[in-house]
Amino acid sequence: NRSAELLQDKSTRDALLQALNSVPAPGANDIPVVPPSDPEIHRLVSQGRALLQVDGKKAVVLLRLAARKGYLPAYLLLAEHAQSSQDDTLLIESLCALFTSPDVHKQLPKNVLNTIVMQLTAVLRDPKNRREAEAHAADIDAIAKDWPIMHMLKFPPGESKSKTSTAKQQAASKSQPKAMSQDFQKIKSAMASTPPA
């Protein structure tokens, strides 16, 4: 597959990432979304948007609450805020929550979702976000069922998931033959000490 070969090429991936990162994040103002009909959710979204510039933490709590109550475009507001404040963790968390929500296709148009999933893929592919990608591995797998571009996040076998886990695996693999040898010696000595029947 030619496209898979191109994505394996580092310079091609870097160019794709640069192009995707230069695209402004889609926010709720850029997308034709229906405002919340529930008065409580509408209040949460309004207060959250008003607080974005003044008290970001409180705004995030209000918008998350609105999103969890079923108004998924609130995740887009969170993602927009995360991008403007350069908080990749919040961006990844918000977009993963958006795409793993069962009603995402009902509340947002497919073309908008396609654009956003490209941005999410680019952010997750960035080496500085490696731990976030690992933390959201289950979400990534679920999202990849509808958006195959997320398969780009399957890191090549030569790349380790993290230095810590690699060190633990190496230590375990070094001690494994020694443990097996000790087990064999125990069995052998037990057999030698047991009188024949």
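The protein chain holds eleven helices and zero strands. Here helices (H or I, at least four residues) and strands (E, at least two) are DSSP runs, numbered from the N terminus. The model is predicted: local features need pLDDT of at least 70, side-chain atom pairs count only at pLDDT 80 or more, and totals for chains, interfaces and linings use all residues. Residues are numbered from 1 along each chain as its sequence is written, and side-chain values use heavy atoms, with hydrogens and water left out.

**Whole chain**

From the N terminus, the order of elements is α-α-α-α-α-α-α-α-α-α-α. Of the 197 residues, 33% are buried. Buried means under 20% relative accessible area, exposed over 50%, and partly exposed in between (1.4 Å probe, protein chains only). The chain exposes about 12300 Å², and carbon and sulfur atoms supply 56% of that area. Such areas come from the Shrake-Rupley method with a 1.4 Å probe; for residues, only the protein chains shown count as cover. Among contacts (heavy atoms within 4.5 Å) between residues at least 6 apart in sequence, 62% join residues at least 24 apart.

**Helices H5 and H6**

H5 spans residues 73-84 and H6 residues 88-99; their axes come within 8 Å and cross at roughly 160 degrees. H5 is therefore roughly antiparallel to H6. Axes are lines fitted to C-alpha atoms, for helices over the stretch in contact, and angles run from 0 to 180 degrees between N-to-C directions. Angles over 145 degrees count as roughly antiparallel, under 35 as roughly parallel, 65 to 115 as roughly perpendicular and the rest as oblique.

The contact residues divide into ten nonpolar, two polar and no charged. Ala, Val, Leu, Ile, Met, Phe, Trp, Tyr, Cys and Pro count as nonpolar, Asp, Glu, Lys and Arg as charged, and the others, Gly among them, as polar.

**Two residues**

| Residue | Relative accessibility | Class |
|---|---|---|
| Gln86 | 71% | exposed |
| Val45 | 7% | buried |

Gln86 lies in the loop between H5 and H6. Its phi is near 55 degrees, a positive value in a residue other than glycine.

Val45 is found in helix H3, residues 39-51. Beyond its neighbours within four places in sequence, Val45 is in contact with Pro36, Leu63, Ala66, Tyr71 and Leu77. Val45 and Leu63 are 18 residues apart in sequence, and their C-alpha atoms are 5.8 Å apart in space.
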